[in-house]
Amino acid sequence: MNRRSLVLALLLVAPLGCGDTTGSQRVTFAVEAAGIARDATQPLTFTTDQGWTITLTEARMALGPLYLNTLRPLESDRRSPLRRHIEDFLIPSAWADGESHLGAGRIVAQVTTQSEIDVLDPTLTALPGGGDGIDEAALTAEAWFFNRDGALGGAAVRVAGTARKDDQEIPFAGALVIDASVVSTGGSLDEARKVRGIPASVTPTEGGALRVRLDPRGWFDGADFRELALGTLRDGRYRFTPLDNVGRAFLSRSRARAVFAITFSPTR
Amino acid sequence: MEASPRAHTHLVTCRFYRHFCAGLLLRSAAALGQTPALPTTLAGPLEAPPEEAVVRGRGTPPRGAGDVNITVGNLAQVPRSSAGELLRLAPGMFIANGLGEGHADQVFLRGFDARSGQDLEFSVNGVPINEPAHPHGQGYADTHFLIPELVESLRVLEGPFDPRQGDFAVAGSAQYTLRLPARGAHIQYRGGSFNTHRVLALWGPDGESAGTFGGVELASSEGYGQNRSYERATANAQYEGHAGSLTWRVLAMSYAVRYRSAGVIREDDYRAGRIGFYDTYDSTQGSEVSRHLVSADLESTRESSVLRAQAWASLRNFRLRENFTGSLLDVQQPYQSPHAQRGDLIDQAASTVDVGMRASARLRTTWQSRVQSVEFGAYGRHNAVDSTQQRLRATTDVPYLTDYSLGNSVSNLALYLDAELRPLSWLVLRGGLRADLFQYDILDRCAVRGVTVRGAPLDAECLSADRAGYRSPTERRTSGGVAWQPRGAVFVGPWKGVTVALSAGLGARSADPVYLGNDQQLPFSPITALEGGLVFERRVAGLALTARGLYYRTHVGQDLIFNETEGRNTLASGTTRQGALVAARATNAWLDLSAHVTYARATFDDDGNLVPYVPEWVARFDGAVNHPLPWRIRGRAITASAGVGITFVAPRPLPFSERGESIFTVDTQVGARWAYYELGFVAQNLFDAQYAWGQYNFTSDFQSRDYPTLVPARHFTAGPPRQLFMVFTLHFGAAAARHGAPTEPPR
């Protein structure tokens, strides 16, 4: 083959090589977590729906693993009652299969390390290991609770503070421990540890940062702390457990979707 | 020197099908000490054969610039582990096998990732090898039951351009021809790295044709890493008889293998030191396979006609356990009692009865002193396949879920008409029409699964109820359709050894029964292929030289792409491939050089994205010398031989817009023969390159981290490291007695 033929052959083949994608891309990103943004010099105080004013002195959470899912979050039905009745009569709702009522979805990003987060600290802290995934849009996040040693003492969430209402002041402490006690009838431990459907409309990009803020202000909604006062003080605090109403409320509310606020910044 | 009657038969045969027989001529001539004849033109003979010609042989005239008849010849000196690896001699072909010694090779050809054979029609002495309705993938084609030393030639027709090509000829066809030209008995031992042992005995009785042979093989190895051991036994035998114009053959084959498979490794785990490159996550992966096959064929060759008829039957058993995803897929479902992940180990099993026939009549006449011919042919095949796929609990191998349980009956009947017309001395037209009828009868023994049925017990499989109430747990689906496939090729020339070849054709791949609905009308995927190129054939500087360059384009209506959750290829949208290749081979009596480079670009029709896993650039070089040394011992010459094979595969596109690693390996062999004795040394992967046969991006969770990993990650199957072997062969028989003797003609 002479030089002219070689050049001709290369020119024929060269255009075929344009475009080099098979679709989306794998990405890695930083992960930062903290409590809600606030003045850190002041104690975190809030009032529950039962009228108790809570001041937290300790709030720690074992954060991770976290997953971003393409699954759409559950939304409340905002239709008018008349419209809802008509539409449901004409097009009955379907039953859903899959993992619980949410369906399985598809995971597009993950954080597979666990870190201890001081929920009272509003300063974002980078989590070691970061996250990875693909650059596809996620609509929800999943937080899976696992117990952690160290300051959390074998719990997934540990909390302490004071509850005040009227003239009553009740110092309390307690923890969320993921074990058989949190499994509902017919459920599994794997299901019990997952908080799914957390709204998180984010698209991971290479070099960006996933930011997680943890809000404890709803942890004691529904709790009546007077039940704790019927018990005994240990180390100056009443301890709640899954057997009392405060422990049951905490068990549920500390795993609520509203605890997590998830955003993504394209830059760190 | 007088040619032997057998050699004469070859030479006369080759007057008719010169292209097919180019290698035979070389081999026969070399054996007779003659200068090898030139390979002849693509266009074939331009004149009618002499009236006394006796034509025998299975060769067919070429159908395109990408139609290559490869005689292994001296390139047998290049180390190969299996008959499948001979495919590397074909332009654009890349073979990989990282999933176990008895696992079907993964075949890449001209932009197709044919996985275990779905896109390449395999046949051995006319018997089809691809397995319809196979649980490991439609068209699964395992060639490990072939003893590679018995493969005399291989025709690779790239593209569906010949009406004789049947089901699975999407990227093309590979037709193995088994013969044993080296008469006498040959006993070989091969041993070396990783406690590998192989004993081979071949026998070609003197006085019989090369089509009469027997071969047995026993092999075992601990394998090149964790969980890669195997034990294998193979027997291939054929008798070829002649009576006047009639040639008949009876072929029998038996094969069984048990092998372990290491499966895939996550690259992040390997990089972090959590697992070794040649390790495994799951040592329960492996397979047991057996195949037993008989075939009989008749061929009547007369001046004006060639009649052929063949029938075969085979029994196959297959069981494979593999795990691509670790513990990912067993998520809690509402109809299951609470459970943790039980593991994704897939257990596939199939038992197959395969019977079939083919027959053809080619009629020839002479017009304007040029041979014109027409052929009518029929093909019929029936596969009864009982297949299941279950999921097994990790480490205990206890099944916990049935994915499917099918009783498949797949029939494929085809009729074709093929003509070869030579209207002008420089113009040849070949082509015709093929019609394939595919018929499916599928008994789904587990038609209701994975749904919530009110009142059904938890964890129930193959339910006898659905939401409407009671129903039978089984369901039958039937389907069928006809694929009409015109195919043709035009050859213009040759001028100064150059022939222009243009080919076009439609092909079809039968549908996977797993995806078939009841009464589906077109149970196959249509394929459209075009090819144009130049072929140069001449003797240059004492070498018989063949060179070719071509452009190709292939469109597949519904493609099959690898799916890790199923451990096989599953249905995808339409795809288009195009590219180009150049290839050359130069041969004389003692030297054989072959090289090819191929570019392929495969894209999805819907979004234009690249089809993952398909290598864009593949290059291969094979070289061999086989020559007497100037020294003699006890009057006998020592013959030295050497071979080298070099493979290069450019980084493959992977899902998520990534590229894999390139592959570059060098295999060598050196040896010497004196009289009855032959000693050789083999080095495979000479430079000990650490490379991955297969590279994938998908989601898995092998529980190598503290928490589940649920996003795509890079995985690989490890290619073998450097392996060293010693090969010792004893030759017996009349030919061995003459080897190297002064009376033997110089090579």
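Q: Hi! How many salt bridges does the structure hold over all chains?
A: Hello! The structure holds 59 of them over all chains. Keep in mind that this is a predicted model.

Q: Okay, can we look at one? What does Arg198(B) meet in a salt bridge?
A: Its partner is Glu149(B), and the N to O distance between the two side chains is 2.9 Å.

Q: Got it. Which residue meets Arg179(B) in a salt bridge?
A: That would be Glu240(B), with 3.9 Å from N to O. Arg179(B) sits in the loop between strand E8 (172–178) and strand E9 (184–192) of chain B, and Glu240(B) is in strand E12 (residues 230–243) of chain B, so this pair links parts that are 61 residues apart in sequence.

Q: Why does Glu240(B) count as buried?
A: Because the relative accessible area of Glu240(B) is 5%, and buried means under 20%. Arg179(B) is buried too, with a value of 14%.

Q: One more of these, please. What is the salt-bridge partner of Arg434(B)?
A: Asp436(B) is the partner, and the closest N and O atoms are 2.6 Å apart. Both Arg434(B) and Asp436(B) are buried.

Q: Which residues do salt bridges with shared partners join into one network?
A: The network consists of Arg63(B), Asp67(B), Arg155(B), Asp162(B), Arg164(B), Arg362(B), Glu375(B) and Asp418(B).

Q: New topic: the two chains. How many residues does each give to the contact?
A: Chain A gives 36 residues and chain B gives 36 residues. The area buried between them is about 2,900 Å², and carbon and sulfur atoms give 56% of that.

Q: How many salt bridges cross the interface of chain A and chain B?
A: The rule finds one. In that salt bridge, the side chain of Arg26(A) meets that of Glu658(B), at 2.7 Å from N to O.

Q: What about polar contacts, how many residue pairs are there between chain A and chain B?
A: There are 13 residue pairs in polar contact, counting those with both residues at pLDDT 80 or more.

Q: Which elements of chain A give two or more residues to the side that touches chain B?
A: They are strand E5 (107–111), strand E8 (131–134) and helix H3 (189–192) of chain A. E5(A) gives the most, with four residues.

Q: How do the residues on that side of chain A divide into nonpolar, polar and charged?
A: Twelve are nonpolar, 16 are polar and eight are charged.

Q: Let's go back inside chain B. Where does Arg88(B) lie?
A: Arg88(B) is in the loop between strand E1 (67–71) and strand E2 (93–96) of chain B. At 5% relative accessibility, Arg88(B) counts as buried.

Q: What does Arg88(B) touch, leaving out residues up to four places away in sequence?
A: Its contacts are Met93(B), Ile95(B), His596(B), Arg620(B), Asp622(B), Thr647(B), Asp667(B) and Trp693(B).

Q: Now sheets! In what order do the strands of the five-strand open sheet come?
A: The order is E1-E7-E8-E5-E6 in chain B, with mixed pairing. E1 and E6 of chain B are the edge strands, each pairing on one side only.

Q: Do strand E5 of chain B and E8(B) run parallel or antiparallel?
A: They run parallel, and five bridges join E5 (residues 120–124) of chain B to E8(B). Leu120(B) stands opposite Gly172(B) in E8(B).

Q: And how do E35 and E36 of chain B pair?
A: Strand E35 (residues 663–674) and strand E36 (residues 677–684) of chain B pair in the antiparallel sense over seven bridges. The bridge partner of Thr668(B) is Ala683(B) in E36(B).

Q: What is in the hairpin of those two strands, E35(B) and E36(B)?
A: Two residues lie between the strands, and Ala675(B) takes a positive phi near 55°.

Q: Last one: over how many bridges do E36(B) and strand E39 of chain B pair?
A: Eight bridges, in the antiparallel sense, with E39 covering residues 723–732. Val682(B) stands opposite Phe725(B) in E39(B).

Definitions and conventions. Residues numbered from 1 in each chain as written. Chains lettered and ligands numbered in written order. Predicted model: local features only at pLDDT ≥ 70, side-chain atom pairs only at ≥ 80, totals over all residues. Heavy atoms only, no water. Contact = heavy atoms within 4.5 Å. Buried area = accessible area lost by both parts, 1.4 Å probe. Salt bridge = Lys/Arg side-chain N within 4 Å of Asp/Glu carboxyl O. Polar contact = N/O pair within 3.5 Å; in protein donor to acceptor, adjacent residues only side chain to side chain. Nonpolar A, V, L, I, M, F, W, Y, C, P; charged D, E, K, R; others polar. Buried < 20%, exposed > 50% of the residue type's maximum accessible area, 1.4 Å probe, protein only. Pairing = 2+ DSSP bridges.
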